[in-house]
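Please have a look at the model before I start.

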Amino acid sequence: MEITSLSPSEISALTTDQIRDLTNADFRAMRTDQIAALEGSQIRAIETRDLVVLSSGQIEAINTYNIASLKADQLKALTANQVKWLSSDQLNVLATENFPQLSAAQIRAIETDDFKN
């Protein structure tokens, strides 16, 4: 399967097993509209080794509400740069219990402007 040939609706129809079977190269090649089409269960199915290869544009493309679907191990696996790329809206939907999962380097990467009251 050539991942870049799939439409966003075809991406959102992939099963969680199919998402788990994607390679680093597949995730690197995915367009931002494909990433934006991923549902919460699909986000949870992304292996941490694949999550860490996502670019800034891909991280930003994750649907704001689906970013809350990240499991603790996925959140811990994000690089400091990836955490820096999270929008204030994405950060705001992360559950309070997720913040203790972040490392000091990840927290330092968050810009103060990204915190909303």
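Where is the place of Q34? Q34 sits in helix α4, residues 32–36. Helices here are DSSP runs of H or I with at least four residues, strands are runs of E with at least two, and numbering starts from the N terminus.

A word on the source. This is a predicted model, where local features need pLDDT of at least 70 and side-chain atom pairs count only at pLDDT 80 or more, while totals for chains, interfaces and linings use all residues. Residues are numbered from 1 along each chain as its sequence is written, and side-chain values use heavy atoms, with hydrogens and water left out.

Back to Q34. Q34 counts as buried because its relative accessibility is 0%; buried means under 20% relative accessible area, exposed over 50%, and partly exposed in between, with a 1.4 Å probe and protein chains only. The Q34 side chain reaches the backbone nitrogen of R31 at 2.7 Å. Not counting residues up to four places away in sequence, Q34 touches I3, T4, L6, I11 and A29, where contact means heavy atoms within 4.5 Å.

Next is Q58, in helix α7, residues 56–61. Q58 is at 3% relative accessibility, so Q58 counts as buried. With neighbours within four places in sequence left aside, Q58 is in contact with F27, R28, M30, T32, I35 and V53.

Last, N63. This residue is found in the loop between α7 and α8, the latter being 72–77. Is N63 buried or partly exposed? N63 counts as partly exposed because its relative accessibility is 32%.

Note on methods: Polar contact = N/O pair within 3.5 Å; in protein donor to acceptor, adjacent residues only side chain to side chain.
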